[in-house]
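Please examine the sequence and the structure shown below.

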Amino acid sequence: MANTLSVAKYLNDCNLNKHGYAMDQMEMHKLMYFSQRESLMITDSPLFDGEFEAWKYGPVLTEVRKEYLTGHMFGSDYGALTEKEKELVSSVFHRYESVSPWDLSSLSHEEYSWKQARAGLEPNDPGKKKLSLSAMRVDAKRELLRRKGVVLA
């Protein structure tokens, strides 16, 4: 399993290489979520060890947020990703790179895991409840079925 900040650094590097600037924080959190979901979909195992909190604009990894607030984000060595991990993260980056951060937020709001963790909260409540891995597996299964052309009600 990869270190959470190693995955975030790799995503940021993908953005730097493609666009020449650091990835927006909201986009980062959502692509981290979609990377985790992708790993659950393909391997049935988490890609990284971080846990998402259900914030009002979607899933957030507090350790990634802290990294953005340091002013020298992703400047440390967090360990390398394997080639398979890089391939998975790159595929997620390319799938969603043209989607705006706000649209990514809207997509994340459709995920069962986020809805479950936000249950009982008002839309503008901050929310700190963790997204469960079992609920994320439901999202992964739904995404797999969606890609196979199965229409879910």
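**A buried arginine and a helix**

Arg118 is located in helix 6; helices are DSSP runs of H or I with at least four residues, numbered from the N terminus. The model is predicted, so that local features need pLDDT of at least 70 and side-chain atom pairs count only at pLDDT 80 or more, while totals for chains, interfaces and linings use all residues. Residues are numbered from 1 along each chain as its sequence is written, and side-chain values use heavy atoms, leaving out hydrogens and water.

- Arg118 is buried but has no salt bridge; buried means under 20% relative accessible area, with a 1.4 Å probe and protein chains only, and a salt bridge places a side-chain nitrogen of Lys or Arg within 4 Å of a carboxyl oxygen of Asp or Glu.
- The nearest side chain of opposite charge to Arg118 is Asp125, 5.8 Å away.
- The side chain of Arg118 reaches the backbone oxygen of Pro123 at 3.4 Å, and a polar atom of this side chain lies 3.1 Å from the backbone oxygen of Pro126.

**Helix 7**

- Helix 7 spans residues 133–147 and reaches 21 Å from its first C-alpha to its last.
- The buried residues in helix 7 are Ala135, Met136, Asp139, Ala140 and Glu143.
- The buried residues of helix 7 pack against helix 2 (25–43), helix 4 (83–96) and helix 6 (112–118), where contact means heavy atoms within 4.5 Å.
- Gly149, with a positive phi near 90°, follows helix 7.

Definitions and conventions
Helix = DSSP H or I, 4+ residues; strand = E, 2+ residues; numbered from the N terminus. Expected span 1.5 Å × (residues − 1). Buried < 20%, exposed > 50% of the residue type's maximum accessible area, 1.4 Å probe, protein only. Lys, Arg positive; Asp, Glu negative; His and termini not counted. Polar contact = N/O pair within 3.5 Å; in protein donor to acceptor, adjacent residues only side chain to side chain.
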